[in-house]
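These are my notebook entries on one structure. I set down each point in the order in which I looked it up.

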Amino acid sequence: MSAAASPAGQAGQPGQKPLETLDSAVIRFCGDSGDGMQVVGTQFTNVSAAFGNDVSTLPDFPAEIRAPAGTLAGVSGYQLHFSSTDIFTPGDQVDTLVVMNPAAFKTNVSDLKRGGTLIINEDEFDTSNLNKAGYESDPVQDDIVKSRYFLHKVPMTRLTRDSVAGLGLSPKDSARCKNFFSLGLVYWLYDREMKSTEDWIHDKFKKNPSIAEANIRALKAGYNYGFSTEAFTKHYQVPKAKLAPGKYRKITGNEATAWGLVTAAKRAGKSLFFSGYPITPASDILHELSMMKKFRVRTFQAEDEIAAMASVCGAAFAGEIAVSASSGPGICLKGEALGLGIMTELPMVIIDVQRGGPSTGLPTKTEQADLLLAMFGRNSDSPIPIVAACSPGDCFWMAQEAVRIAIEFMTPVFLLTDGYLANGAEPMIIPRMADLPPFKVVHPAGKKSNGEFVSENGQNGEHKEFLPYLRNEKMARPWAIPGTPGLEHRIGGLEKSDITGNVDYAPANHFKMVMNRVNKVAGIANHIPLQEVEGPASGKLLVLSWGGTYGSVRSGVQEAQAKGQSVAHAHLRYMNPFPRNLGDIVKRYEKVLIPELNTGNLRLLIRANFLVDAVGLNKIAGKPFLVSEITQKIDEMLR
Amino acid sequence: MSSQSVKPSPSLPVLQPKDFASDQEIRWCPRCGDYSILAQMKKVLPTLGIPREKFVFVSGIGCSSRFPYYMNTYGFHSIHGRAPAIATGIKLSRPDLQVWVITGDGDALSIGGNHLMHALRRNIDLKIILFNNQIYGLTKGQYSPTSPLGQKTKSTPYGSVDSPVTPLCVALGSEATFVARSVDVDIKHLTYVLERAAHHKGAAFVEIYQDCNVFNSGAFLYASDRDVKSDHIIYAEHGKPLIFGKDGKKGVRLNNMRPEIVELGKGINVDDLLFHDEKAPDPALAFLLARMRQPEYPEPMGVLRAIEKPTYDQAVNAQIDNAIAKGGEGDLDALFNSGDTWVVE
């Protein structure tokens, strides 16, 4: 994905090394999970985003907090793609790979492109670490490595220790600053300002000034190493991206989800109740919301996933914007309470930050194999609307859509994101509350002070008493909340009598109520946007994707279109019901390709709904699609 | 008595028990102990000075859990075992409501054991009423977590080999701030205990011995039959000695950390007995009483523990109020624009 260097590298000022301009670059920091790779990756991302590049990131870390140091299981990496053009993915191949130990070398070097820059902390390539990574000899001495990459062996641990000497740190603490040494070096290599990272270090270690000072010294030592040693003959710049005009910030998917929920509650004129149970990769939503007390957000860390969902049912009954988030194993446990939400027709949102499964599976790796779980993972006919975010920033918007649909149609709504979106980051145009119209929420008013019954939402017509299951034109029932005089009523998980909501097991009533729930959810199709298609409106090939694969698939289709291939792209964000024009769209192409990070969840639904013989591209590796995987499949299908 | 958790509205019309009856036909078996509990509840609620719309009854699954349908208040008949969690969502969202949880021995102690424990230890202001009939009634007669060893039921034709739990001990072990017990047909005592629970600020746990006359008839006859009960139960009253027996001649005293039954007179007087202290900060005494089971001991009735402690719902909402008092109401535009931002022309 990264662009070639511009034809003529700019000459620097006298005494400085040449500065070459690139369209984009992909960097990956990798090392042991105790090496602080996520920290420096995030810092580089923040600095690049604030500089004005488009950025896309892929943090990749082990499920074990601290696997034995130096082992393959303990390798943690952070990849980021920054660019002067619009980008959608973290990049297929790495331009600059920073490697902190032999295990990281072994698991990452195959992603470095030929001719890429390989920076190695040679101090960690000792016999012990080589053995832990399964090497009998030093792979960096290999001629193939030397001929394939621009190799820089840097004694980072020693130089870091030297740079912090005199601060009174233990040798261990001194060595821990080496991640900032590596960051400083890469800052020099890509001509970045260090100021905001220095500010961040000061703030982060404000209670421990000597550690702060040590990290800053290591950072500067790394920068100066690049500047002054002979090893690096030139460095690079990636100019600001030509993004759509506006004010931007960087955001991760989980942050965007949390902010979207609070925004939605504000738009509804209500407060947010969020209950969760710690689970990777969804916990950051709970963390983010638990800091937002001044927005009247109530967070409840429940005793288990079941209680989290059950408390959401209670909060929804009580009139809150009620939300829970989890990942696959937790979603399984929530199924029963979710069914209660469907039966009681209360508005609530459930977020599935998908990860590799089944069972505990791959906690920190991404997958999108829960679509059918969301669709069908409950007893009996229990329809539920499903929306899916397509990028980290889109989580902000789809979280609001989920809340809107929930309160407009009085139903639980699924929001699907995934580990890649949750931890990934991208620039987002900063929204303005003034541009976001309120969501209309109507609660029946109950009795006037004189005892007269009022039904100001018009749902009761000529009725003189409150009817909890009388439906409006969208088939939504009234949201009467406890504390309202005159509306005392009982709801529950037993089948309801149409209109009154009393317990009713009569055959005809059950049929009617099942169909009411089915038709209500199906009718949402009339209140969501039509599906858009990028590319020709009909032709040889439609690539149909959904959720977090948007970036890779869009990039792949664009490359194919640029080559003159007849291919169109439709990316779904509304999974149930589908946009009402989707059936027409999929029939207008000779072939339909559905790339998914599963064995074919969407393909099953498309085939079942539209009798279209779609072809799957199914990657099940705990990783997002590479753009090249998409283009290869397009080539194959158009051959 | 501690202060009420919901402020009474003096201007409201005085409510009667019948105002709390819903229009639904009651479908418990004839002579079920649940009828009495329902009747006492309808008696207690109008005395609290709380408007009817401020009550919410939440239940799980089981015979007792049909209770909300028969109360003309807000009600939520939910799923098996989860009532405490659902009620927690309601109470956290709306601290102004008085929230009751109606549950049974299977619902609260088997499938919902986890939720019960956590609701109690958080001290969220819920009134949890456990109807203990030592059987699964709705599913027609399997043994429950409180069924005695050896009990023959549909699922234990050779007798139960499962050791039962004592609900009061579970509650005390979960750091409950209010723990009490009564019997379905002991109308006056049950009314008193329900009133005390209603006025407690925090998680109140009440176990009611309830007769399932169809699947486990007479399980608590020793505690309900007028002719025998005085020898098998003991009323624990705060500040009073533990005396029982038909003519009040028997008492409980402490001997090496163990309760001991003694006859009054014969050199033993009232001052030698154990005096009940429901306000003891340490639950050891209450636990000791809760462990007393017949036939060895009389079983305690009344309020075993009632201590004051900050409630979870108050603490959660206080953090929000404090954050707003300190930093002002949240401003989303300010949040969106916080941190590093940049402008593309």
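At what angle do the axes of helix α10 and helix α15 of chain A cross? I worked from a predicted model, in which local features need pLDDT of at least 70, side-chain atom pairs count only at pLDDT 80 or more, and totals for chains, interfaces and linings use all residues. Residues are numbered from 1 along each chain as its sequence is written, while chains are lettered from A and ligands numbered from 1 in the order in which they are written.

Entry 1, a helix pair. I found that α10(A) (residues 253-267) and α15(A) (residues 394-409) cross at roughly 40°, their axes coming within 7 Å. Axes here are lines fitted to C-alpha atoms, for helices over the stretch in contact, with angles from 0 to 180 degrees between N-to-C directions. Helices (H or I, at least four residues) and strands (E, at least two) are DSSP runs, numbered from the N terminus. I listed the contact residues (C-beta atoms, placed from the backbone, within 7 Å): α10(A) contributes, among them, Trp259(A) and Leu261(A), and α15(A) contributes residues including Phe396(A), Trp397(A) and Arg404(A). By class, the contact has nine nonpolar, five polar and one charged residue. Ala, Val, Leu, Ile, Met, Phe, Trp, Tyr, Cys and Pro count as nonpolar, Asp, Glu, Lys and Arg as charged, and the others, Gly among them, as polar.

Entry 2, the two chains. I noted 62 residues of chain A in contact with 52 residues of chain B. On the side of chain A that touches chain B, α12(A) gives the most, with nine residues. That side has 32 nonpolar, 15 polar and 15 charged residues. I also saw β19(A) joined by three bridges to strand β2(B) (residues 74-77), and the two run parallel; strands pair if DSSP finds at least two bridges between them. Ile491(A) stands opposite Phe76(B).

I checked α2(B) (residues 83-93): it is largely enclosed by the rest of the structure, because 11 of its 11 residues are buried (20 or more other C-beta atoms, placed from the backbone, within 10 Å of the residue's own). Lys91(B) is one of the buried residues.

The assignment, automatic or from a database, gives domain 1 (17-240 + 276-327) and domain 2 (241-274).

How values were computed:
Buried ≥ 20, exposed ≤ 12 C-beta atoms within 10 Å, placed from the backbone.
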